[in-house]
Amino acid sequence: MRTDLLQRLAAQQHQRASQQLVRRLRTLEDASHVRVRIAGRTLVSFASNDYLGLAGHPALRKALIEGAQRWGVGATASHLLGGHRRPHAQLQELVCDWLQRPRALLFSTGYMANLGVLGSLLGARDLCLQDKLNHRSLLDGAKLAGCALKRYAHADLDAAVRQLRAHPDCGALWVTDGVFSMDGDLAPLPELAALAQREQALLMVDDAHGIGVLGPEGAGSARAAGLGVPEVPIYMGTLGKALGCFGAFVVGSDTLIEGLLQFAGTHTYTTALPPALAAAAAAAIQVARHETWRREQLGLLVRHLRAGAQRRGLTLLPSATPIQCLVLGGSQAALAAAQALERAGYYVPAIRPPTVPTGQARLRISLCALHQEHEVEGLLDALAAHCHSTAQPGREGTHAH
Ligand SMILES: *Cc1c(COP(=O)(O)O)cnc(C)c1O
């Protein structure tokens, strides 16, 4: 008799429920900058990846509206079959100019960009080397490519080199997040790039959380580390996080981009990004480059949050980026903290396994240039009140299951 696939899915769902791991969709009834309306209440949100506060920026709204008026809504076809419009071409040129890279290619999402790059470069006889905390899309990309996938302990470059040396004769792609999405720390890019060059592995950086936030003009973690195309030959950035839009790009050499254009299925066989969105993303890049106060404000808020947490005996994970995490241990502890914050007027979702390792459920606080210091202060007070009332210092895991 065949397995009933839906019944099996239901059983897996039951198991998740028994471990406090069920995910629920929350509908935001309104969202304006850092304020969101959920279940009839207005909360200050520390949940979005809109680090620069661009998603509601007037210049982006205007570019989107004018783009829709000029180009309509949908691109109507894939890039290669008539969907590639002038705003896409202009956006690609702007990305190249901003990041000082020779060529760029747009993808509809970062997930698809990652699948496309890994699928184009890697085959069954190759090796893909990844940090254990890399984003899920990079793991999926390696699985789909059918290559050998080796994951090293977070930021353990000695282990990474050992794994490369154990496979001396195959093509090797070394892939890392630039900023780790659920921890907020930076990959050690200068050391990593030097080792990749020495071991003749091709390096790819996924900078979904670094682009717009780090480096000169917000040009991302590779530029922040002074690394160009020779050191970081493949660089992926998304348009849906700090840039407040939607979509993604890959930049690199002519050879890379030409190859992706020929072989990346997630580019060829999907509808192009709406042209109006490409126009909005171009406007976002202009704002991100030139409104430097947004990055300065973020820097201030990060320091304010970290100092305030320390004063209250709350230990955050090491991070100099707008992603700041308080590890609480069990899923129940993380959920309870998120609920307490919500009662106090703050939206900070709990991040649970399998998104993070078992026993490391956490609150992921993401800062935005539009937050004010008193809002950060209020969040810290609410967090301290909760943690101290549950004797939950944020230093160790609780024993809740
Ligand atoms: C969000 C994210 C992606 C996926 O980007 P989307 O454009 O949202 O699909 C890829 N990599 C990392 C590290 C991310 O955080």
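Which backbone N or O atom lies 2.7 Å from an oxygen atom of the ligand? The atom belongs to Gly-110. The model is predicted, so to speak of local features requires pLDDT of at least 70, side-chain atom pairs count only at pLDDT 80 or more, and totals for chains, interfaces and linings use all residues. A backbone N or O atom of Tyr-111 lies 3.0 Å from a ligand oxygen. The side chain of Lys-241 places an N or O atom 2.6 Å from an oxygen of the ligand. The protein covers 83% of the 380 Å² of accessible area that the ligand has on its own (Shrake-Rupley method, 1.4 Å probe; for residues, only the protein chains shown count as cover).

The ligand is surrounded by 13 residues (a heavy atom within 4 Å). Asp-206 and His-209 are among the closest. Helix α4 (residues 110-121) gives the most to this shell, with three residues (helices are DSSP runs of H or I, at least four residues, numbered from the N terminus).

Ser-331 lies in helix α13 (residues 331-343). Ser-331 counts as buried because its relative accessibility is 9% (buried means under 20%, exposed over 50%, partly exposed in between; 1.4 Å probe, protein chains only). Neighbours within four places in sequence aside, Ser-331 is in contact with Gln-19, Gln-20, Leu-21, Arg-352, Pro-353 and Ala-361 (heavy atoms within 4.5 Å).

Note on methods: Residues are numbered from 1 along each chain as its sequence is written. Side-chain values use heavy atoms; hydrogens and water are left out. A polar contact is a pair of N or O atoms within 3.5 Å; within protein, one must be able to donate a hydrogen and the other to accept it, and residues adjacent in sequence count only if both atoms are side-chain atoms. Helices (H or I, at least four residues) and strands (E, at least two) are DSSP runs, numbered from the N terminus.
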